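Here's a quick briefing to read alongside the coordinates. Have the viewer open and follow along.

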Amino acid sequence: MIPADPKARDALAAEYVLGTLEAREASEVARALRADPAFAEAVARWEARLAPLTALAPPEAPPPGLWARIEAALDSSATTASAAALAPWWRRLLEPWRLGAIGAGAVAAGLAAVLLLRPAPAPQYMTVLLTDRDQPAWLVQADREAIRLAALNTRPPPPDRVLELWALPQGATAPTSLGLIPPDGRVTVRPTTIRAEPGMLIEITLEPPGGSPTGRPTGPIQFIGRLAPATGS
Amino acid sequence: MDAQAELGPLLAAVTRGDRAALRAIYERQSVRLFGIAVAILRDRDAAADALQDAFLRIARRSGQFDPARGAAEPWLAAIVRHAALDIARSRGREVPTDDPALGDAAFAPEALDRVASDEEARRLRACLEALEAKNRQGVVLAFVHGLSHAQIAARLDQPLGTVKAWIRRGLLRLRECLA
């Protein structure tokens, strides 16, 4: 419990910042920080008061591989997250206004790709998966029976890695693998357990040869997009 | 633009999901932050775990950083300290505390020089110097080296209750002195 008495509250905030609280007390305080802005303010003031003391710790270079480890941990936490909890960068791509812009741009960007595709029934849904520089990379078209993927201008995956295609229906907690993407970048899948629908997330991850060993994405998300009705096609 | 001034915009970019900005923060700050974690954990492997946890927290919470309420360097340091303290606590703080150099650096006059890079640091240093040595030692051993009350009591060879009272008084005096 966070005490009501102002002096006791401030003493607790100080000992939290100092680091002398036991695990149970410290986690209670950490929870209270989110719910009690006045208490969070008291903690912030103590952090500011004592911060210059960190200069007493001699600087030391971390081990060389640490950034790569951090990046892998960031990727796995983003990949296992549900669609609602995607990393902000991806969420940004999925904002409706942006999807609208992608839809319009896709008419031009997708023209070449459409020519590459075999004649197919008019797609009901589509999306364009973008690179991290917002360049169109893949065109995804889908109807009730099939999901078709065509490469626009992607680079091949690094050696000893493959690209795996996934679909995440809205409300689902884990994506379903749609298989590996062959080097020519063209795939038509007729999934039996899921059906294309508006709002479905389509994503491509980097996986070890043969694909994810776990049935869930294990590598970083390379591309992601959300199916939208293909109006005007 | 100096490194400190760049950190705020970099944190804002991290909030927009910019991985390169997070890496830039790592490149600018990891030597300082790793040193803070090593001082608390005295174990490079555990300190690397702490820095990893801390950067995941920084990625998640960068939107909570408010430049109007303080500088980015102390904000980053606080996240690293708490990540390291969480690891120290999960290990039952079974860290050796008999390292003769531990904390002594904090009592050497030239070491306190390092706590004097700007106005706030100079004020804290003056207030620390005004404390009785026993109160100052408790605060520094806890804040810089992550020692628990019990570990500080063992190290200073004093009863636990006495050490708790010294630390509490030290904190109160610091608050009055800095007000």
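What follows covers the two chains and the contact between them, topic by topic.

Keep in mind that this is a predicted model. Chain B is built from nine helices and zero strands, while chain A includes an open sheet of five strands and another open sheet of four. Where the chains touch, chain A puts in 36 residues and chain B 50 residues.

**The contact between A and B**

- On the chain A side, the elements giving two or more residues are α1 (6–18), α2 (23–35), α3 (37–50), α4 (66–80) and α5 (88–93) of chain A.
- Which of them gives the largest share? That's α4(A), with seven residues.
- By residue type, the chain A side splits into 27 nonpolar, four polar and five charged.

**The four-stranded sheet of chain A**

- The strand order here is β5-β4-β7-β8 (chain A), and the pairing is antiparallel.
- At the edges sit β5 (176–180) and β8 of chain A, each of which pairs on one side only.
- Ignoring direction, neighbouring strands of this sheet are turned by 20° against each other on average.
- β4(A) and β5(A) are joined by four bridges in the antiparallel sense, and A:Trp166 stands opposite A:Ser177 in β5(A).
- Strand β4 (residues 162–168) of chain A also pairs with β7(A), this time over seven antiparallel bridges; here A:Leu168 has A:Leu201 in β7(A) as its bridge partner.
- β7(A) in turn pairs with strand β8 (residues 221–226) of chain A through five bridges, again antiparallel, with A:Ile202 opposite A:Gly225 in β8(A).
- Why can β7(A) be called largely enclosed by the rest of the structure? Strand β7 (residues 201–207) of chain A has six of its seven residues buried, so the rest of the structure largely encloses it.

**The five-stranded sheet of chain A**

- This open sheet runs in the order β6-β3-β2-β1-β9 (chain A), with antiparallel pairing.
- Its edge strands are β6 (187–189) and β9 (228–229) of chain A, and each pairs on one side only.
- Strand β3 (residues 147–151) of chain A is tied to β6(A) by three bridges, and the two run antiparallel.

**Chain B as a whole**

- Along the sequence, chain B reads α-α-α-α-α-α-α-α-α.
- Of its 179 residues, 42% count as buried.
- Take the contacts in chain B between residues at least 6 apart in sequence: 66% of them join residues at least 24 apart.

- Helix α3 (residues 44–61) of chain B has 18 residues, which at 1.5 Å a residue should span 26 Å; the end C-alpha atoms are 25 Å apart, so the two agree.
- The buried residues of α3(B) include B:Ala47, B:Leu51, B:Phe55 and B:Ile58, and B:Gln52 and B:Asp53 are buried there too.
- In helix α8 (residues 149–156) of chain B, the buried residues are B:His149, B:Gln151 and B:Ile152.
- These three cover an arc of only 165° around the axis, which means they sit on the same side of α8(B).
- What do the buried residues of α8(B) pack against? They pack against α7 (133–145) and α9 (160–178) of chain B.
- After α8(B) comes B:Asp157, with a positive phi near 55°.

Technical notes
Residues numbered from 1 in each chain as written. Chains lettered and ligands numbered in written order. Predicted model: local features only at pLDDT ≥ 70, side-chain atom pairs only at ≥ 80, totals over all residues. Contact = placed C-beta atoms within 7 Å. Nonpolar A, V, L, I, M, F, W, Y, C, P; charged D, E, K, R; others polar. Buried ≥ 20, exposed ≤ 12 C-beta atoms within 10 Å, placed from the backbone. Arc of directions from axis to C-beta. Pairing = 2+ DSSP bridges. Expected span 1.5 Å × (residues − 1). Axes fitted to C-alpha atoms, helices over the stretch in contact; angles between N-to-C directions.
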